[in-house]
Amino acid sequence: MSGDNTEKLRRDFLKFLAASPAVAAFGGVAAFLHEEGFAQEVRQSTFAEIMRDRLAVVDDPKDALTVFDFEETARQKVQAGHWAYMKSGTDDDATLRANRVAYQQVQLRPRRLRDATKVDMRTELFGERYASPIFTCPTGGERSFHNDGEVAVGRATKARGTMQMLSTSTSIAVETVNEAHGQPVWYQLYAPAEWEACAQLLRRVQKSGVSVIALTVDNTTGRFEETFLRTRPKDLKQCEACHIGGIEVRHQPMFDGITRKTRSNRNPALDWAYVDRIRDFWKGKFIVKGIDTHEDATLCLQHGLDGILVSNHGGRSTETGRGALEALPEVVAAVNGKIPVFIDGGVRRGTDVFKALALGAKGVGIGRPMLWGLGSFGQAGVDRVLEILQAELKLVMGNCGTQTVADINKAYVATPGWRS
């Protein structure tokens, strides 16, 4: 092989590493390679051997040891443009990385000599009992990762006793997903600019049996997706069958029969007055997704919200450079137990779930790991991702001396590396 080809392969490999959330979780490519001789260090580093295994393809979901084991398998199976969209953040991807770093900066404070044979992960969310506080996040167009899409996720979450939140940008209608899930999902809402369109959408969702909606408020003006734009295929002709301009999805089944002036799910005019209008219209539970300050958490109480989902869209909305977990404590403090607080963004381990619960979260959402499992093996992949995370959570609960989810509190964690 020529020197030019060798160098190209090296650059391509480094580019892949740089875009990998798994590598980013350990401080990026520089940390991975220890900033020294590439080939020598990779051969000598135990960490590099672990990463090599994570970059291997898993032939059977049962062979996966952690959720990271699905990442490379999914990358090879999922269409390149869809993969580039999923793995990217916004601007410099700093918030995407911060989501993972925040979890690594939280330490556990386990209590010993407590009976670990009675660990019970079951939890209640708005009156419904679930096997654990882990839930699947609303990610748009899940058929982009596997043909069964949201139905595969519904069947897996049903099997694992997990709450499923469905995106407005779902590729399969809510009625069908509810059937697969075995009960009504929670529904994430992108509020159309026209109120009548929003009202029609809510009527349909309510008629399907959904009793919990989550209004997303952190992406009303769009985002600069630099990593996605640089890594997606240059030729977008293959995308035109399903996308307008290579990005906007042509078919949005939740808007069938609803007239809108624009196909965009963004509403730059969204404000608290619109929230009040939804609150007055919607008779079920109403939470807001995308709150990350105590000021806005206080406003959620004042406007009669039933819950808050602390989220930065998986690092895909505003480039705050702040992990969702770092925002959690101030939101929890502001609501002071009056309404439940949920969180998503950067969760990859059962220990991550435990840390979020200890800092006040009632439920903890997973996004990309669920998509890795879906892209790898469909329902079986999602099922194994949930199985791994639930097993890890049960293990850390036992090791830390907590028998129930309610036992987990801030006494079990320390945050010496946090700025505040």
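# Report on a predicted protein model

The buried residues of helix H8 are Thr95, Leu96, Ala98, Asn99, Arg100, Ala102 and Tyr103. The model in which they are found is a predicted one. The cover over these buried residues of H8 includes helix H7 (80–87), helix H15, strand E12 (341–344), helix H16 and helix H17 (368–377).

**The chain as a whole**

The protein has 420 residues, and 54% of them count as buried. Its secondary structure consists of 18 helices and 14 strands. The structure contains 0 disulfides. Cysteine 300 has a relative accessible area of 0%, so it is buried. Cysteine 400 is also counted as buried, because its relative accessibility is 2%.

**Nonpolar cores**

The largest nonpolar core is made of 94 residues. Tyr187, Ile213, Ile278, Leu325 and Ile343 have the most contacts inside this core. Helix H18 (residues 379–400) contributes 9 residues, which is the most given to this core. A second core of 12 residues is separate, and Met165, Val212, Leu309 and Phe342 are included in the second core.

What does isoleucine 343 touch, if residues up to four places away in sequence are not counted? Its partners are Tyr103, Phe135, Leu309, Val310, Ala324, Leu325, Leu328, Ala356, Ala361, Gly363, Val364 and Gly365. One of these partners, Tyr103, is listed with the buried residues of H8. Another partner, Leu309, is included in the second core.

**The second largest pocket**

The second largest pocket holds about 540 Å³ of space. Its lining has 25 residues, and Leu357, Gly360, Ala361, Lys362 and Ile408 are those nearest the centre of the pocket. Strand E2 (123–125), helix H15 (324–335) and helix H16 (350–358) are the elements that each supply two or more residues to the lining. H15 supplies the largest share, 4 residues. By type, the lining residues of this pocket are 14 nonpolar, 5 polar and 6 charged. Ala361, which lies among the residues nearest the pocket centre, is also touched by isoleucine 343.

**The loop between H18 and E14**

Threonine 402 sits in the loop between H18 and strand E14. Is threonine 402 buried or exposed? Its relative accessibility is 1%, and buried means under 20%, so threonine 402 counts as buried. Apart from neighbours within four places in sequence, threonine 402 has contacts with Val119, Phe354, Met397, Asp407, Ile408 and Tyr412. Of these, Ile408 is also listed with the residues nearest the centre of the second largest pocket.

Alanine 406 is found in the loop between H18 and strand E14 (413–414). The relative accessible area of alanine 406 is 73%, and exposed means over 50%, so this residue is exposed. Methionine 121 is 285 residues apart from alanine 406 along the chain, yet the C-alpha atoms of the two are separated by 9.2 Å.

**Selected residues with accessible area**

Where does aspartate 280 lie? It belongs to helix H13 (residues 272–281).

Aspartate 91 and leucine 113 both have a positive phi without being glycine. For aspartate 91 the angle is near 50°. This residue lies in the loop between helix H7 (80–87) and helix H8 (94–104). For leucine 113 phi is about 60°, and its place is in the loop between strand E1 (107–108) and E2.

| Residue | Relative accessible area | Class |
|---|---|---|
| Aspartate 91 | 29% | partly exposed |
| Leucine 113 | 92% | exposed |
| Aspartate 280 | 57% | exposed |

Why does aspartate 91 count as partly exposed? Buried means under 20% and exposed over 50%, with partly exposed in between, and aspartate 91 has a relative accessible area of 29%. Leucine 113 is exposed because its relative accessible area, 92%, is over 50%. Aspartate 280 is exposed for a like reason, because 57% is over 50%.

Note on methods
Residues are numbered from 1 along each chain as its sequence is written. This is a predicted model: local features need pLDDT of at least 70, side-chain atom pairs count only at pLDDT 80 or more; totals for chains, interfaces and linings use all residues. Side-chain values use heavy atoms; hydrogens and water are left out. On a 1 Å grid over the protein atoms alone, a cavity is a set of points where a 1.4 Å probe fits but cannot get out, and a pocket is an open set with protein on both sides within 12 Å along at least five of seven lines; lining residues have an atom within 4 Å of a point. Grid points are joined across faces, edges and corners, and a volume is the space filled by probe spheres set on the points. Ala, Val, Leu, Ile, Met, Phe, Trp, Tyr, Cys and Pro count as nonpolar, Asp, Glu, Lys and Arg as charged, and the others, Gly among them, as polar. A disulfide is a pair of cysteine sulfur atoms within 2.5 Å. Buried means under 20% relative accessible area, exposed over 50%, partly exposed in between (1.4 Å probe, protein chains only). A nonpolar core is a set of buried Ala, Val, Leu, Ile, Met, Phe, Trp, Tyr and Cys residues joined through side-chain atoms within 4.5 Å. Contact means heavy atoms within 4.5 Å.
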